[in-house]
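Work through the exercises below with the model open. Try each task before reading its solution.

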Amino acid sequence: MKFAMIGAGAMGLRYGILLQEAGNDVTFIDTWQPHIDKIREQGGVYVSRDHQDRHLTPIKLETPESYKGDPDILIFFTKQMQLAGFLKRCEHFFNDRQYAFTCMNGMGHIEKLQQYFADDKIIAGTALIATVLNGPGDVDFMGKAGAGKMNMANLTEKPDEMTHQLFDELKKANMNPTLTTNFRGTLMTKVIFNSVINTLCTLFEIQMGEFGNFPKAYDLGRQLIDEAYDICERAGITLVSTRDEEMHALDINTRIDMPLHYPSMYQDMIHDRPTEVDYINGYIAQLGREHNYEAKTHIFLTNLVHLAEYHRANQKKAREAEKAKIANQSKAKTTTTTNAQTA
Ligand code: NAD
């Protein structure tokens, strides 16, 4: 099959490279210039697995403007706040034959995809697969080959031939897909999962295992889960796991499966990029508002993450001001010395 990966960051590279290795024709489309330059300069992407076996993997890379292909499926892996910009820039190669697929975290992306693709061409899912972009042109696939898993569902909840073909290719690529016919429930179950782990680990800059082993982890998680489940019940969304199953998944994932991993929201925070919190806890709070339920804990956490972003932005500004001051002082010193020598 012919794929275009829209967003060649951590997850775009993971899915795209594994689909490429499974025999598919894959082109990566990205907009981050330092990443594009590095990939072109080194002739591909450096890929590691769990920090080991770093090797160069050649890829086909284009920008939205330079791509002229006609893929069967476009796979979207941007951050939520980048999606609208990518869609606008890529629009010129979209047509009504193509399918759009994504396993982005959070909620907000489906409505944006619907502006460009018909409902029966949209397939979305969730990925319990951890990947880190170390820097431009350098990606680390966390977990052993075949260790992660994912869910996928059609927006229409009616799988067609292309859905099954995509499912087969993802299976060949070792992504362990499960096909469901509960679209919103599948996506929201992962949003709720992320609203605990991603947000709390990011706020405290801790690994998932440190959260899982904290004696009060259950209480913290349960409060957020209960609030989110109450809201989904009011919204008529049938989640794919019960409250207890979700609590169990949180426990296993943090303590056993990925204790050393930092969630993707943390990667954004430490790189001084905006986080997806408005599309995770913020989305749950918004859904609550629409159903007359005030999600106090999710609102509080969303605001705390924004406070942390604000604090980091201020620290960055202060560092840059200090650097500029030192540079000016050394420039002034050089000028004084030169003037003294001239005199
Ligand atoms: P990413 O940030 O690695 O890449 C997304 C886009 O941002 C790419 O176009 C990339 O080139 C660009 N980018 C990366 N670093 C940048 C920087 N410093 N400055 C400017 N641009 C930069 O995002 P991702 O981790 O691939 O996530 C894509 C989606 O998948 C998100 O919704 C995320 O929550 C979700 N997700 C991520 C993981 C994970 O482990 N990384 C797991 C499951 C779901």
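**Exercise 1. A core residue**

Which residues does Met 188 touch, not counting residues up to four places away in sequence? Then place Met 188 in the nonpolar core.

Solution. Keep in mind that this is a predicted model.
- Step 1: collect the partners. Met 188 touches Met 107, Cys 232, Ile 237, Leu 239, Tyr 283, Ile 284 and Leu 287.
- Step 2: look at the core. The largest nonpolar core holds 100 residues, and Met 188 joins Tyr 15, Phe 76 and Phe 101 in touching the most other members.
- Step 3: find the main contributor. Helix 6 (residues 183-204) supplies eleven residues, the largest share of this core.
- Step 4: locate the core. Domain 1 (1-180) and domain 2 (182-343) both contribute residues, so the core lies between them.
- Step 5: In soluble globular proteins, nonpolar side chains tend to be buried together.

**Exercise 2. A contact across the sequence**

How many residues apart in sequence are Leu 203 and Leu 304, and how far apart in space?

Solution. 
- Step 1: Leu 203 belongs to helix 6.
- Step 2: compare the two separations. The sequence gap to Leu 304 is 101 residues, while the C-alpha atoms sit 7.6 Å apart.
- Step 3: list the contacts. Beyond neighbours within four places in sequence, Leu 203 contacts Leu 301, Leu 304, Val 305 and Ala 308.

**Exercise 3. A histidine**

Is His 298 buried or exposed? Find its polar partner too.

Solution. 
- Step 1: His 298 is in helix 12 (residues 296-342).
- Step 2: apply the cut-off. Buried means under 20% relative accessible area. His 298 has 0% relative accessibility, so His 298 counts as buried.
- Step 3: find the polar contact. The side chains of His 298 and Asn 281 make one at 3.1 Å.
- Step 4: complete the surroundings. Setting aside neighbours within four places in sequence, His 298 also contacts Ser 195, Leu 224, Glu 227, Ala 228 and Ile 284.

**Exercise 4. Helix 8**

What distance does helix 8 reach from its first C-alpha to its last, and what is expected?

Solution. 
- Step 1: count. Helix 8 (residues 217-235) has 19 residues.
- Step 2: compare. Helix 8 reaches 27 Å, close to the 27 Å expected at 1.5 Å a residue.
- Step 3: check burial. Buried residues in helix 8 include Leu 224, Glu 227, Ala 228 and Cys 232.

Methods
Residues are numbered from 1 along each chain as its sequence is written. This is a predicted model: local features need pLDDT of at least 70, side-chain atom pairs count only at pLDDT 80 or more; totals for chains, interfaces and linings use all residues. Side-chain values use heavy atoms; hydrogens and water are left out. Helices (H or I, at least four residues) and strands (E, at least two) are DSSP runs, numbered from the N terminus. The expected span of a helix is 1.5 Å times one less than its number of residues. Buried means under 20% relative accessible area, exposed over 50%, partly exposed in between (1.4 Å probe, protein chains only). A polar contact is a pair of N or O atoms within 3.5 Å; within protein, one must be able to donate a hydrogen and the other to accept it, and residues adjacent in sequence count only if both atoms are side-chain atoms. Contact means heavy atoms within 4.5 Å. A nonpolar core is a set of buried Ala, Val, Leu, Ile, Met, Phe, Trp, Tyr and Cys residues joined through side-chain atoms within 4.5 Å. Domain bounds come from an automatic or database domain assignment.
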